[in-house]
Amino acid sequence: MPTITAFKSSPDRGMGLARDMPVRWAFEEVGQPYDVRLVSFTEMKEPPHLRVNPFGQIPTYEDGELATFESGAIVFHIAESHSGLLPTDKIARANAISWMFAALNTVEPPIVERDYVKYFEEGKSWQGERFTMVDERIRNRLDQLAAWFGGANWLVGTFSAADILMIHALRRLEGSGILEDYPTFRDYIARGTERPAYKRAFEAQYAVFSRSSSS
Ligand SMILES: N[C@@H](CCC(=O)N[C@@H](CSCc1ccc([N+](=O)[O-])cc1)C(=O)NCC(=O)O)C(=O)O
């Protein structure tokens, strides 16, 4: 059975914003049971974990001889190893894979940057200006995505691994006030989070938080 790593105690207080969440969601969508090894921030920087993830982060994925990292790559591996997360049609599959990369490389970076400004540049003289700049970049990306997305339900027709990664990226904007101006994406996120597989994944990671916060 594949084993992933996740935070022993997640800073997101169980809100499913850490990157074990898209992997859990993918497992649940394809019906693949999995184990979770919880790691502390210290353990993530020690040799056993660094041998799998040289950047000392979660998630990692281990199954038999395979030990690898990168949440997007793990979701792709799950999608390649099971049916249901990528179209079988060659063209549609290639487009879905493009959208996986777009979620991680084009849409998510300014959203992650905003978290850095918010959490690591608190009190800096430039924080206000940086917020303005980063929010502008995020809105530019969301405007472009909304123009393309239109009234679609999913990125490539049917639900795919690309939606797992894109919805995970967009959820990091919850609480920022930005999504209030994008009903298209509020509805899109809701379609994703209403999926039974998402709910099972969310509950599983939330249980880690609730156990750690009650211990
Ligand atoms: N590109 C890598 C990035 C992995 C990554 O960012 N891992 C983070 C956790 S998910 C990112 C994350 C962290 C916290 C929140 N949060 O809301 O609290 C959200 C997302 C990590 O291990 N951080 C610890 C470290 O770098 O030492 C991937 O996609 O797997």
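**A strand hairpin and a ligand site**

Glu62 stands opposite Ala67 in strand 4. The model is predicted. Strand 3 covers residues 60–63, and strand 4 covers residues 66–69. The two strands run antiparallel. Four bridges join them. Together, strand 3 and strand 4 form a hairpin with two residues between the strands. In this hairpin, Gly64 takes a positive phi near 65°.

The ligand was examined next. The ligand sits in the largest pocket. Around the ligand there are 16 residues. Of these, Lys45, Gln57, Ile58, Glu70 and Ser71 come nearest.

Polar side chains reach oxygen atoms of the ligand from Lys45, from Gln57 and from Ser71. For Lys45, a polar side-chain atom lies 2.5 Å from a ligand oxygen atom. For Ser71, an N or O atom of the side chain is 2.6 Å from an oxygen atom of the ligand. For Gln57, the distance from a polar side-chain atom to an oxygen atom of the ligand is 2.8 Å. Taken alone, the ligand exposes 670 Å². The protein buries 79% of that area.

Terms used: Residues are numbered from 1 along each chain as its sequence is written. This is a predicted model: local features need pLDDT of at least 70, side-chain atom pairs count only at pLDDT 80 or more; totals for chains, interfaces and linings use all residues. Side-chain values use heavy atoms; hydrogens and water are left out. Two strands pair if DSSP finds at least two bridges between them. A residue is near a molecule or strand if one of its heavy atoms lies within 4 Å of it. A polar contact is a pair of N or O atoms within 3.5 Å; within protein, one must be able to donate a hydrogen and the other to accept it, and residues adjacent in sequence count only if both atoms are side-chain atoms. Accessible areas come from the Shrake-Rupley method with a 1.4 Å probe; for residues, only the protein chains shown count as cover. On a 1 Å grid over the protein atoms alone, a cavity is a set of points where a 1.4 Å probe fits but cannot get out, and a pocket is an open set with protein on both sides within 12 Å along at least five of seven lines; lining residues have an atom within 4 Å of a point. A molecule sits in a cavity or pocket if more than half of its atoms lie within 2 Å of its grid points.
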